[in-house]
Amino acid sequence: MTKLSVPTNNKAPMPTSQKLIFQIKLLLWKRYLESTKSKWDLLKVALPAVLMFSLMILLYSVFDFVAAGALEPFLVPMAFWIFTQRLVVQIMFEKSSRLQESMRMMGLSDVAYWSSYIISDGVILGFALSFLCTLFTVGGLFNEANFGAILGLLFVFCLSAVPFAFFICAFFDTPQTSGQATLGLLLGLFVVYIVVFVANTITIPYKAAQVICCLIPPLALQIGSGAFLKSYDGISIGSICGIMVSPAASTLHCTPVLLFMRIFCCFLIVRRHLPVLDRCLVLLSSLVLQSRRTQALVLSPEALVLVP
């Protein structure tokens, strides 16, 4: 009697790093197909930015009395509104259609999913859009500033806009609502900049207010766009870009508490209350540790039994 041999798969499992890279490449290919499926998709992102920068060149050529660099804080943020709204709507579409949940059930890593958005929309599309907009500044925008400084400011904003979009998506369930709310939020932040800095209604030091507002990317872009004026005396462009990128790691989790804590800690640093900051962090860590221990215990009629 012959024995039947059952085929066995002796292939070694793929390492975690290679699996992560493979998932990121697959998602990047998916995003490329979605972006190139319609020829108007990328044009809807680039056209508003080109029109806004062209409008600034036209206004400076018509109105000679306008100071160099005075229009950029008001028109440059509007050029990137569609970029931010498109990103939010795209994430919310996958969330509302259960596509994100389905991919997770099939073994997709969260790191690969969010990293694909950062690479595709933040690095690739963000750099292309920033470089295209910076080309229009050769005509004398931003007070004839350095090409690299302008490109760096716009590119850093595009990078920080991606986790900022993750943060916005945590509060909505449908793409339509999130898209309308994103435009309303951007318009509200635009008004906040005018009220706080243009109308000069702040009650704290000017640079401290700038540091706090730079934690929010749209406000940081407005502050950075106004930093090229000759009469500007606030924080530097490098500091603005550094602060704008710093809350990205916290907002990746889409938790408002972490963003609020980052703003609060930054305020304490500006006010030079470092001992208070240390005590707050120690107290917070002890509370988190205690809450995790209590969650692992269940009160039974006889005694406390550890849940496995």
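Student: What is the lining of the largest pocket like by class?
Tutor: That lining has 7 charged, 5 nonpolar and 2 polar residues. Here Asp, Glu, Lys and Arg count as charged, Ala, Val, Leu, Ile, Met, Phe, Trp, Tyr, Cys and Pro as nonpolar, and the others, Gly among them, as polar. Keep in mind that this is a predicted model, where local features need pLDDT of at least 70, side-chain atom pairs count only at pLDDT 80 or more, and totals for chains, interfaces and linings use all residues. Residues are numbered from 1 along each chain as its sequence is written, and side-chain values use heavy atoms, with hydrogens and water left out.

Student: What counts as a pocket?
Tutor: On a 1 Å grid over the protein atoms alone, a pocket is an open set of points where a 1.4 Å probe fits, with protein on both sides within 12 Å along at least five of seven lines; lining residues have an atom within 4 Å of a point.

Student: Which residues lie nearest the centre of the largest pocket?
Tutor: Glu-34, Asp-41, Arg-86, Gln-90 and Phe-93, out of 14 lining residues. Two or more residues each come from α1 (16–36), α2 (41–62) and α4 (81–96), and α4 gives the most, with 6. Helices are DSSP runs (H or I, at least four residues) and strands are too (E, at least two), numbered from the N terminus.

Student: New topic: how many residues are in the largest nonpolar core?
Tutor: It has 64 residues, and helix α7 (residues 147–169) supplies the largest share, 13. Such a core is a set of buried Ala, Val, Leu, Ile, Met, Phe, Trp, Tyr and Cys residues joined through side-chain atoms within 4.5 Å. Buried means under 20% relative accessible area, exposed over 50%, and partly exposed in between (1.4 Å probe, protein chains only).

Student: And what does Phe-53 touch?
Tutor: Phe-53 is among the residues with the most contacts inside that core. Leaving out residues up to four places away in sequence, Phe-53 touches Val-76, Ala-79, Cys-133, Phe-136, Thr-137, Leu-141, Phe-142 and Leu-154. Contact means heavy atoms within 4.5 Å.

Student: How many helices and strands does the protein chain have?
Tutor: There are 14 helices and 2 strands. Buried residues make up 39% of the 308 residues in the chain.

Student: Last one: is Arg-98 buried or exposed?
Tutor: Arg-98 is exposed, with a relative accessible area of 54%. Arg-98 sits in the loop between α4 and α5 (99–105), and its phi is near 65°, a positive value in a residue other than glycine.
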